[in-house]
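Here are my notes on this one, as numbered points. Have the viewer open while you read.

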Amino acid sequence: MRIEARLRELELTLPAPLPLPEDLTQRPSFAWVRPRGAQVYVSAHGPQRPDGAVAGPFGRVGAEVSGEEAHEAARLTALAMLASLRRALGDLDRVTAWLAVTGMVYAAPGFTQLTHVVNGFSDLIITVYGEEAGLHARTVMGVAALPLSLPVMIAAVVEVGG
Amino acid sequence: MRIEARLRELELTLPAPLPLPEDLTQRPSFAWVRPRGAQVYVSAHGPQRPDGAVAGPFGRVGAEVSGEEAHEAARLTALAMLASLRRALGDLDRVTAWLAVTGMVYAAPGFTQLTHVVNGFSDLIITVYGEEAGLHARTVMGVAALPLSLPVMIAAVVEVGG
Amino acid sequence: MRIEARLRELELTLPAPLPLPEDLTQRPSFAWVRPRGAQVYVSAHGPQRPDGAVAGPFGRVGAEVSGEEAHEAARLTALAMLASLRRALGDLDRVTAWLAVTGMVYAAPGFTQLTHVVNGFSDLIITVYGEEAGLHARTVMGVAALPLSLPVMIAAVVEVGG
């Protein structure tokens, strides 16, 4: 339980699961994590509060949301993804390497600090996993819309052992 | 031929191949499906009519195209992708699991029902393959433009056996 | 060294590495190439000049940048990615197949020739690697913003042997 110790050392707490909407009459159409084979796909996540609820602020980065707020949202997104991986894999040490990260920023016209926003995610992953396991290929883009008008969502592919 | 039987049971028909443009003087620059290794990449597909032609309507979801029309376009996109997989793999039973799906919605400003649109794709895949094989990690985003002004395009990674 | 000979035959020169910004006080938050396992993820790249500097023009395709300029930028992006792969893998012959390519075009409203833009990348890869190894699944989209206001960025997954 090396990663759990590292999270405690960094005083990082992972959020509870995202509450399901009350009117949900059917199962969701996707899985947060698809644990199959050595390369595991992780759905695009957004920022969550410690209780699991979606974290604001909402809107376009560079307009309703500042670059710094979006950077923090990306950091919360990393914690949310770690929480999903722990639930799906049982143990975060099973993630032996981060492979690829795709960061989508809901960008207002003219906002170009996309890289800074997504660094909030990448830097936390590298801090927790170390550079050898945590480093990843990365794609960053500004998008025209995101579910719930989240300022940032991030997807990943990780290598899983054990 | 388990999946073929399931398609017949659901009265689903897969479209013919996309007709090549008449003035095509060279081979296309990409493959609809790249069958190599156990994880097979599938190009972004759009909705097709039964005869293979690109299906309308065209334009931004939330403006020229309604959310319900885009949901149906995503459903047709799933059928188009299944048709490509059948042509590339010979047998849809060779797809042993859906791994990851990326749904791009050509979204008008303020349109946020992106998840509902892409559910048209995901729900059909899960209905055809069942929840164990059909469930997938998913990324949904609103984009600023798509080829042919399609309202939705969807890419995937699938696990292939045999 | 089959690919190196092919590059010489085509009189193609790969650019130097992207210079790091002078005020960089820490390591970058991502890797251009993540060489781990048989499927190797490549970060989104943009066009570079022979000296490694980011190549202009900058801005939206269909407004500040023409479709032809963006097509050429995509071609330069392919050369930049080959340069990164050579640095990461030691030998471009280790890339045994191109699997998936994601092309993001910073598109002005109404610009739809996205496919033509990204063909600048795909056609060069197929010319260099041949159709069997170079062909790839592909996703093309117009995005609302890209780092540095680049007109195009392209990510990939390649199969690596040896």
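Predicted model: local features only at pLDDT ≥ 70, side-chain atom pairs only at ≥ 80, totals over all residues.

1. By contacts, 22 residues of chain B touch 32 residues of chain C.

2. Now the charges here. The rule finds one salt bridge across the interface of chain B and chain C. Its partners are B:Arg36 and C:Glu159, with the closest N and O atoms 3.1 Å apart. The polar contacts across the interface of chain B and chain C come to 14 residue pairs, both residues at pLDDT 80 or more.

3. Which elements supply the chain B side? Strand E2 (39-45) and strand E4 (137-143) of chain B each give at least two residues to the side that touches chain C. The largest share, five residues, comes from E2(B). Sorted by class, the side of chain B that touches chain C holds 14 nonpolar, five polar and three charged residues.

4. Next, the A/B interface. Here 22 residues of chain A are in contact with 32 residues of chain B. The area buried between chain A and chain B is about 2,000 Å², with 52% of it from carbon and sulfur atoms. In chain A, the most area is lost to chain B by A:Ser29, A:Arg34 and A:Tyr41, together 32% of what that side buries.

5. How many salt bridges does the rule find across the interface of chain A and chain B? There is one, and it joins the side chains of A:Arg36 and B:Glu159 at 3.1 Å, N to O. Between chain A and chain B, 14 residue pairs are in polar contact, both at pLDDT 80 or more. On the chain A side, strand E2 (39-45) and strand E4 (137-143) are the elements that give two or more residues. Of these, E2(A) gives the most, with five residues.

6. On symmetry: two copies of a chain are related by a rotation about an axis and a shift along it. For chain B and chain C, the rotation is 120 degrees and the shift along the axis is 0.0 Å, with an RMSD of 0.0 Å. That is the relation of a three-fold axis. Chain A can likewise be laid on chain B by a turn of 120 degrees and a shift of 0.0 Å along the axis, at an RMSD of 0.0 Å.

7. Last, the sheet, taking chain C. Five strands form an open sheet with mixed pairing, in the order E1-E2-E5-E3-E4. Strand E1 (33-34) and strand E4 (137-143) of chain C stand at the edges, and each has a single partner strand, so one side of each has no neighbour in the sheet. E1(C) pairs with strand E2 (residues 39-45) of chain C in the antiparallel sense, over two bridges.

Terms used:
Residues numbered from 1 in each chain as written. Chains lettered and ligands numbered in written order. Heavy atoms only, no water. Contact = heavy atoms within 4.5 Å. Buried area = accessible area lost by both parts, 1.4 Å probe. Salt bridge = Lys/Arg side-chain N within 4 Å of Asp/Glu carboxyl O. Polar contact = N/O pair within 3.5 Å; in protein donor to acceptor, adjacent residues only side chain to side chain. Helix = DSSP H or I, 4+ residues; strand = E, 2+ residues; numbered from the N terminus. Least-squares fit on C-alpha atoms with pLDDT ≥ 70 in both. Pairing = 2+ DSSP bridges. Nonpolar A, V, L, I, M, F, W, Y, C, P; charged D, E, K, R; others polar.
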